[in-house]
Amino acid sequence: MIYLDYAATTPLDPRVFEAMLPYLRPDGVFANPASTHAAGFKARAAVERARAQVAALIGAEPGEIVWTSGATESNNLAIKGALEFRGSATSNFLHIITSRTEHKCVLDTCRHLEAHGISGRAVRVTYLKPSKLGVVTSEDVLAALTPETLLVSLMWVNNEIGVVQNIERLAPLLRERGVLLHVDAAQAAGKLPIDLQRTPVDLLSLSAHKVYGPKGIGALFVRRRPRARLNPQMHGGGHEQGMRSGTLATHQIIGMGAAFAAAKADLETDAARIGGLRDLLWSRLQLLPRIHRNGGDENGTAAIAIAPHLLNVSFEGVEGESLRASLPELAVSSGSACSSATAEPSYVLRALGRDDEMANASLRFSIGRSTTASEIERAAALVIQQVQWLRELSPLWAA
Amino acid sequence: MAARVIAVVGRVNMSSIPDFTGLDNPFGYSAPIWQRFTDPARAGRFAPETPAVFSGEAGTPAARSVLRLQFRFAAAHVADARFQAYGCPTSIAVGAWLADWAIGKSLAELRSLKLAELRAALEIGDDRAHCAAMGEDALLALLAQFPECST
């Protein structure tokens, strides 16, 4: 099997595995980091080292990192927590701006707030439509602002198409206007340089398992100056400065710290090598006629940035489920929802203007640290062969 | 396997034939659907000038699928068959099964096909019943070119 689904999740980096082991062994560092005895202090010190490692990758201070269970929880905490805190200061309805191509956990959180309101107030949400290339511009966001807008939530890198939103440009514009900016950076961390000392994002969601760390651990960056305040969504012992209660998962936290330290060390070499393999894959696939790159422009060289690890392609003339099924040797994500007769194609590709058929007949290739050039060559050859086969099998295909 | 398929569909230009040899069925299709999808003998179409070839085509409103069957008759029986399909693996398997099933059959035998038989042979569940119905529709479209009495 050729694994090209690193945007879904990554294996543990060996450095991360080694770092976690002392915290998993029965005779290891197991004490509760909140305990006030020597063993607890030792665990606490390790947690704080990891906090500093996570902060270092994104140009934050350690005290701005709040541990969560992953990016889904971070996104929920950021959006609900910020609205709940700021909502009490306003008398009218609350307004959020986001985009149609956000991750489901942002969209579903927004829909939940629309349906139920928060703190007794109604919530309205503007879902910006990206351009055909997948871009939401700063001008789009500014044009949607209203006096009631409390929060803008946009992802840095789209998880399906890899389009990089220009957060560096947007963030200061929103800061000037006093509107909070939340960024889902699950696919951006470790892939692009992020410097929150220069980019005034208020809240930023992170996940460990997209960056060769363990599953089940993430973090939310919560800016201290100026302070982005949140109401907790998980109540209890007042951990994490009262923003997220629950006993800290020491081994997971150590793993996330080690993963982010490795990502910081390897960022430039990883991006160059992985981006090179992605470009190789695209150049090979272009031997097929009538295929379309989703996100950015067709040749990937325009001003629109695409994260180095992602390539999303639609194939004309093939049906999505058969395309996926014809490639059992590849672990890739498909735009096709295969298990149902009423398949619901990718809403991200639909938002870009792809019709249902082209959204279904798409594959997302995501490349990682372990990917080799020979795997890319083999994957490209398989895809080309199977697409040609399905096209020739089709009574509708006219070459 | 690829060489065998090329031999079967020799009159059709098949520049690429997949080779699923040794691959399992990670998506959990029924065994007969996976077998037909990955080894679709009789895939393709007859050359346009081939005599005694009749075609039938059908689609399904439940999904944008199309199935085309072609039977070549000799001595009032199906001497050879081809199929083409655009659709899910079940649709492709239905075409492959019908093309195999038809060989040697008379018109009366072709008319006797029961949808339940097709579904049972490929273990097609209720959620993909429309794929089997598309197969029956393509067969009926082909048979509609013959008067009922010509058996």
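In the predicted model, A:H182 has A:L203 of strand 7 of chain A as its bridge partner. This bridge belongs to the pairing of strand 6 (residues 180-184) with strand 7 of chain A, which runs in the parallel sense over 3 bridges. A:L203 also takes part in a pairing with strand 8 of chain A, where its bridge partner is A:V222. Strand 8 (residues 218-222) and strand 7 of chain A pair in the antiparallel sense, and 5 bridges join them.

Strand 7 of chain A spans residues 203-207, and because 5 of its 5 residues are buried, the strand is largely enclosed by the rest of the structure. Its side chains are divided between two directions: A:L203, A:S205 and A:S207 point one way, whereas A:L204 and A:L206 point the other way. Residues pointing in either direction are buried.

In chain B, the packing of two helices was examined. Helix 5 (residues 115-122) and helix 6 (residues 129-143) of chain B pack with their axes 10 Å apart and at an angle of about 125°. Helix 5 of chain B contributes B:L115, B:L118 and B:R119 to the contact, while helix 6 of chain B contributes B:A129, B:A132, B:A133, B:G135 and B:E136. Classified by residue type, the contact between helix 5 and helix 6 of chain B comprises 5 nonpolar, 1 polar and 2 charged residues.

Key:
Residues numbered from 1 in each chain as written. Chains lettered and ligands numbered in written order. Predicted model: local features only at pLDDT ≥ 70, side-chain atom pairs only at ≥ 80, totals over all residues. Buried ≥ 20, exposed ≤ 12 C-beta atoms within 10 Å, placed from the backbone. Helix = DSSP H or I, 4+ residues; strand = E, 2+ residues; numbered from the N terminus. Pairing = 2+ DSSP bridges. Axes fitted to C-alpha atoms, helices over the stretch in contact; angles between N-to-C directions. Contact = placed C-beta atoms within 7 Å. Nonpolar A, V, L, I, M, F, W, Y, C, P; charged D, E, K, R; others polar.
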